Amino acid sequence: MRSAILAVLLALLPIVAQAETFEVKMLNGNATGGMAFEPDFLSLKPGDKVKFLATQRGHNAATIKDFLPEGAPPFKGKINQEIEVTFTEEGFYGIMCTPHYDMGMVMVVRVGDAPLTEMTLPKDVRPGAVKRIEQIVERNQ
Ligand SMILES: [Cu+2]
C-alpha cells in the first residue's frame, strides 16, 4: 500500500516540479500604449500560475466574460489587489482590467500549444480591447 502511494507521488512529481509562476505588472502605460498588462501575452503549461502585481494603482485582473476555456473558473481581482491564479484548462483566456477594459487594458493567456490563429473572441468584446488583442496576436504569432 505504501509503495503504491509512493509510486503515485513519484509519477506526479515531474508535473508539480515543472509548474512555474509568472509575474504580470499592471501599469498605467508602457511601450505598447496606455493602460497595459506587462507582459500582455503568456504561454503556459497547465498548472502554471500567474501573479498579477499591483505595480501601479487603479488596476485589477479579471477574466473577460465567455473568453476562457470550457470548465475554467472565471476570476476577478479587486482594484489594487495582487492576485495569483492557477491556470489548469488548456485554451485561451482573455484577461481585462475592469476599469480600463474600454481603453484596451487586456492580455491573452494561452495554456497549451494551440496556435493563436485558433483563438476566437466572444462577440461582445469591446472595440478598444479587440484592437489590443489584434496587436497581441500580431506580435506573438
Ligand atoms: Cu487598469
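**Contacts, fold and metal site**

Modeller: This is a predicted model. Of the contacts in the protein between residues at least 6 apart in sequence, 63% join residues at least 24 apart.

Biologist: How many helices and strands are there in the protein?

Modeller: The protein has 2 helices and 8 strands. Along the sequence they follow the pattern α-β-β-β-β-β-β-β-β-α.

Biologist: And what box do the C-alpha atoms fill?

Modeller: Taken along the principal axes, the box is roughly 55 × 30 × 25 Å.

Biologist: Now the metal. Which residues coordinate the copper ion?

Modeller: The ligands are H59 through ND1, C97 through SG, H100 through ND1 and M105 through SD, at 2.0 to 2.5 Å. Their spacing along the chain is H-x37-C-x2-H-x4-M.

Biologist: Why is the arrangement tetrahedral?

Modeller: The 4 donor atoms subtend angles of 93 to 129° around the copper ion. The arrangement counts as tetrahedral because all angles lie between 85 and 135 degrees.

Biologist: Is C97 buried or exposed?

Modeller: C97 is buried, as its relative accessible area is 0%. H100 also counts as buried, at 12% relative accessibility, because the cut-off is under 20%.

Biologist: What percentage of the residues in the protein are buried?

Modeller: Buried residues account for 39% of the 141 residues. The protein exposes about 8,200 Å², and carbon and sulfur atoms supply 55% of that area.

Biologist: Last topic, charges: how many are positive and how many negative?

Modeller: There are 15 positive and 17 negative charges, and their mean positions are 6 Å apart.

Notes: Residues numbered from 1 in each chain as written. Predicted model: local features only at pLDDT ≥ 70, side-chain atom pairs only at ≥ 80, totals over all residues. Heavy atoms only, no water. Helix = DSSP H or I, 4+ residues; strand = E, 2+ residues; numbered from the N terminus. Buried < 20%, exposed > 50% of the residue type's maximum accessible area, 1.4 Å probe, protein only. Contact = heavy atoms within 4.5 Å. Areas by Shrake-Rupley, 256 points an atom, 1.4 Å probe, with all protein chains shown as cover. Lys, Arg positive; Asp, Glu negative; His and termini not counted. Charge placed at Lys NZ, Arg CZ, Asp CG, Glu CD. Donors = N, O, S within 2.8 Å, 3.2 Å for Na, K, Ca; no water. Tetrahedral: all angles 85-135°; square planar, octahedral: opposite > 155°, others 65-115°.
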